[in-house]
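Here is a short note to read with the model open beside you. Take the points one at a time, and find each residue as you go.

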Amino acid sequence: MTEFWLISAPGDKTCQQTWDKLMTATTRTNNLSTNNKFNIPDLKVGTLDVLVGLSDELAKLDSFVESVVKKVAQYMADVLEDSRDKVQENLLANGVDLVTYVTRFQWDMAKYPIKQSLKNISEIVSKQVSQIDNDLKARASAYNNLKGNLQNLERKNAGSLLTRSLADIVKKDDFVLDSEYLITMLVVVPKTNYTDWQRTYETLSEMVVPRSTNLLFEDHDSGLFSVTLFRKAIDDFRHKARENKFTVRDFQYNEEELKADKEEMTRLSTDKKKQFGPLVRWLKVNFSEAFIAWIHIKALRVFVESVLRYGLPVNFQAMLLQPNKKNMKKLREVLYDLYKHLDSSAAAIIDQTAMDIPGLNLSQQEYYPYVYYKIDCNLLDFK
């Protein structure tokens, strides 16, 4: 399970007692979850008005930062194309896997100084993650353009003989060049019609040079033949060829153009390789930054919500539960029994959802008598 429940409850006589009670209720007898203390430093409380306003702002910031974390993770998966199994090992926070980072969370004093007000800390996060989001858009756009252009060229070189680029297939020697009267044309002939072609090509129109056809290239379905004729017979030859299920390709040999095509392909391929390494490094670093910022936002939310609910002086224990997948419903019930005394209105909500009163759509609202936020470390949506 990569899902965590970050909760807090007021300190009983001490915060350690709150922790011990949770451990007894969820772990020691019934293995409902694996728990860790979640360390939040002594942050500056500020005024009640500021806390109420901040509660809403942090909820929006939480969603925004989570969306950026997911975007960076998903783009990492897109960039690593063939090695998606390697994506997970690149998605680290502070050099460790995400579960380890969350379960051993330590506030980063250097990035988010706790002498600052809560509002300032949230603004530092907001600014930092907005920057990552903007940089990601710019970098992704540049890399995707490059990748798209390369894919278009590769597609041109890999389609059927009717549409693909002929740059790597034909040579100068295959053509009669610089003749006022003669021209070499290229015709795609299905493999099943080779005999017909050899039998009829000289008579498809007047002015076809006898014995001038050569098979230049074959793919799975058809062959590319050259044939030389007089320029004035082009239209008639094209028309008759079509009637016989032979397709004349529009192609004129131009050495400069073919060379330019090949060079463009090499250039794009080299550019993509050059950009790949730095881009993956940037994604690794900024995924880590964004994820760390996200967990700090969760910590801020727990702090603000706990002060608003449980009052001053600050006295609560933040706890991180990793639910045992089979027992999630049971774990909710145990937590409810443990903490229902904290908020009688939560009891009313839970009673109503249990009775499922028509028109009361409360089951969608995750409201519990204790402070609760979900952290899901599974950030990849593999299609």
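**Notes on the fold and its charges**

1. Let us begin with contacts, where contact means heavy atoms within 4.5 Å. Among contacts in the protein chain between residues at least 6 apart in sequence, 79% join residues at least 24 apart.

2. A word on what you are looking at: this is a predicted model, in which local features need pLDDT of at least 70 and side-chain atom pairs count only at pLDDT 80 or more, while totals for chains, interfaces and linings use all residues. Residues are numbered from 1 along each chain as its sequence is written, and side-chain values use heavy atoms, with hydrogens and water left out.

3. You can trace ten helices and ten strands in the protein chain. These are DSSP runs numbered from the N terminus, with helices being H or I of at least four residues and strands being E of at least two. The radius of gyration is 34 Å, well over the 21 Å that the globule rule gives for 383 residues, so the protein chain is more spread out than a compact globule. (That radius is taken over C-alpha atoms, and the rule is 2.2 Å times the number of residues to the power 0.38.) Along the principal axes, the C-alpha atoms fill a box of roughly 105 × 45 × 35 Å.

4. How much of the protein chain is buried? Of its 383 residues, 45% count as buried, where buried means under 20% relative accessible area, exposed over 50%, and partly exposed in between (1.4 Å probe, protein chains only).

5. Now the charges. The protein chain carries 52 positive and 52 negative side chains, and the centres of the two sets lie 4 Å apart. Lys and Arg count as positive and Asp and Glu as negative, while His and the chain ends are not counted. Each charge is placed at NZ of Lys, CZ of Arg, CG of Asp or CD of Glu.

6. There are 22 salt bridges, a salt bridge being a side-chain nitrogen of Lys or Arg within 4 Å of a carboxyl oxygen of Asp or Glu. One of them joins E81 and K147, with the closest N and O atoms 3.4 Å apart. E81 lies in the loop between α2 (48–79) and α3 (87–90) and K147 in helix α5 (residues 118–156), so this pair ties together parts that are 66 residues apart in sequence. E81 is partly exposed at 31% relative accessibility, whereas K147 is buried at 16%.

7. Other pairs sit within one helix. E264 and R267 form a salt bridge with closest N and O atoms 3.2 Å apart; they are three residues apart in helix α8 (residues 255–310), or about one helical turn. E333 and K329 form another, at 3.6 Å, and are four residues apart in helix α9 (residues 328–339), again about one helical turn. Here E333 is partly exposed at 38% and K329 is exposed at 66%.

8. Salt bridges can also link up: E57, K119 and E123 form a network of them.

9. Finally, look for Y143 in helix α5. Is Y143 buried or exposed? With a relative accessible area of 2%, Y143 is buried. Leaving aside residues up to four places away in sequence, Y143 touches Y75, V79, K272, Q275, F276 and L279. N35, by contrast, is 108 residues from Y143 in sequence and 42 Å away in space, C-alpha to C-alpha.
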